[in-house]
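This report describes a protein chain through its aromatic rings and its sheet. The sequence and structure are shown first.

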Amino acid sequence: MLYQLHELQRSFLTPVMQWADMSSKLFTNPVSPLAHTPFSQRIAAGYELMYRLGKDYEKPQFDIKSVLVNGESVDILEHVVVSKPFCRLIHFKKDRTDLQQPKVLLVAPLSGHHSTLLRDTVRGLLAGHDVYITDWTDARMVPLTEGPFHLHDYIYYVQDFIRLLAPDLHVISVCQPTVPVLAAISLMATAKDPQMPKTMTMMGGPIDPRRSPTQVNNLATEKKFSWFENTVIYAVPPNYPGFGRKVYPGFLQHAGFIAMNPGRHAQSHREFYMHLVTGDDEPAEGHRQFYNEYNAVLDMPAEYYLETIKTVFQDFSLPLGTWDVGGQLVRPQDITNVALFTVEGELDDISGAGQTQAAHDLCSSIPADMKQDFVAPKCGHYGIFSGRRWREIICPKIGEFIQKHS
């Protein structure tokens, strides 16, 4: 019933939010008499804040139209290469046929936010690489007739994409997908698959959550598996194509994101209000862009989410060597010819220090000269794939690593 109640609340709030948006514009539009009344900026700021706190956020667009390559602007076209029920493989195709750049598969998280959260990651990589990204589908939009989506399906999807793009391929996984990506490549190595990637870069992921556990890890271990089944799983209501599908709803995930740092978000909204009042447009627009992305969430398939909780965060199946996928053990030690680069943030409060570095111990058969690790100083979780530190420090290091092993 919780999902239905949420939808009912949303239907009631929608006209109120539209009214707040219209009122804000009435107090800021120079042709409106209300814009010239005393305290008009404060009133407009209050209405806009109200609107943004209560509105429904749709999936953003990547909106990458061009990129600078060697100082020259090159047009970008988004092309859907493969369309599966739960994921699309998108190619950011450059309008240049003479460019010979390393091919990169960027595996985005299926953990609440849309793949557009990696927009800055894509933009940074595009200058020197031919970039593809996994664009995961909101589970509420997938009809029940398409069947379930398990954790092993995620692995099979990744393997399909690797085989399509290999052998001259470099795989980058950010956060949650580091685990299934390592599993996918491990299983391919065990099977002696000829379509192996050349490198795998793993950024801020829970390869071994026992190391430096964070608040996220503690929640998964403190609660029984049955708690997750009975508390956060709901059926999609009738107004979506996925009616009846069991999911972990996006609005619940968003509430969890906010609950982790409520003070920080409250302060951000207070500062946004003051920027509007004082007419400081640049930081106000930055706030809008960040929360347009941060507040846009998707539903995860229940079976995928629950299996991830148990396999990754409760049973620690990957580091313990007990993970069975389709009757085959996941053995990272079987990888011998794929270079490994791990990236962590010094201040990461999602994946603690050492959790991603654990991949080096597990991939024991990769030669030392094919391994690299980097801990980004003064960098939080989101900072390792977006923002100034990503653009100026981390992205160039990944580019050098890929070039070295191309």
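The sections below cover ring pairs, charges over rings, the sheet and a helix packed on the sheet.

## Basis

The structure is a predicted model.

## Aromatic pairs

A pair of aromatic rings is described by the distance of the centres and the angle of the planes. The structure holds 21 aromatic pairs. One of them joins Trp 19 and Tyr 47: the ring centres are 5.2 Å apart and the planes stand at 85°, so this pair is edge-to-face. Trp 19 belongs to helix H1 (residues 2–26) and Tyr 47 to helix H2 (residues 40–54), so the pair ties together parts that are 28 residues apart in sequence. Trp 19 has a relative accessible area of 41% and is partly exposed.

Phe 62 and Phe 92 form another pair, with ring centres 5.1 Å apart and planes at 85°; this pair is therefore edge-to-face as well. Phe 62 sits in the loop between H2 and strand E1 (66–69), while Phe 92 is in strand E3 (residues 87–94). The two residues are 30 residues apart, and their pair links distant parts of the chain. Both Phe 62 and Phe 92 are buried.

## Ring cluster and charges over rings

Ring pairs also build a cluster from Phe 86, Trp 136, Phe 149, Tyr 154, Tyr 157, Phe 161 and Tyr 304. One member of the cluster, Tyr 157, has Lys 84 over its face, at 4.9 Å from the ring centre.

Strands of a sheet pair through backbone hydrogen bonds, either parallel or antiparallel. Here an open sheet of 9 strands runs in the order E1-E2-E3-E5-E4-E6-E7-E13-E14, and the pairing is mixed. E1 and strand E14 (371–376) are the edge strands, each pairing on one side only. On average, neighbouring strands of this sheet are turned by 25° against each other, direction ignored.

At the E14 edge, strand E13 (residues 339–345) runs parallel to E14 and is joined to it by 6 bridges. Leu 340 has Lys 371 in E14 as its bridge partner.

## A helix on the sheet

Helix H14 (residues 388–404) packs on the sheet. The strands touched by H14 are strand E4 (103–107), strand E6 (169–174), strand E7 (199–203), E13 and E14. The direction of H14 makes about 155° with that of E7.

Definitions and conventions: Residues are numbered from 1 along each chain as its sequence is written. This is a predicted model: local features need pLDDT of at least 70, side-chain atom pairs count only at pLDDT 80 or more; totals for chains, interfaces and linings use all residues. Side-chain values use heavy atoms; hydrogens and water are left out. Rings of Phe, Tyr and Trp (its six-membered ring) pair if their centres lie within 6.5 Å; planes under 30 degrees apart count as stacked, over 60 as edge-to-face and the rest as tilted. Helices (H or I, at least four residues) and strands (E, at least two) are DSSP runs, numbered from the N terminus. Buried means under 20% relative accessible area, exposed over 50%, partly exposed in between (1.4 Å probe, protein chains only). A charge sits over a ring if NZ of Lys or CZ of Arg is within 6 Å of the ring centre and within 35 degrees of the ring normal. Two strands pair if DSSP finds at least two bridges between them. Axes are lines fitted to C-alpha atoms, for helices over the stretch in contact, and angles run from 0 to 180 degrees between N-to-C directions. Contact means heavy atoms within 4.5 Å.
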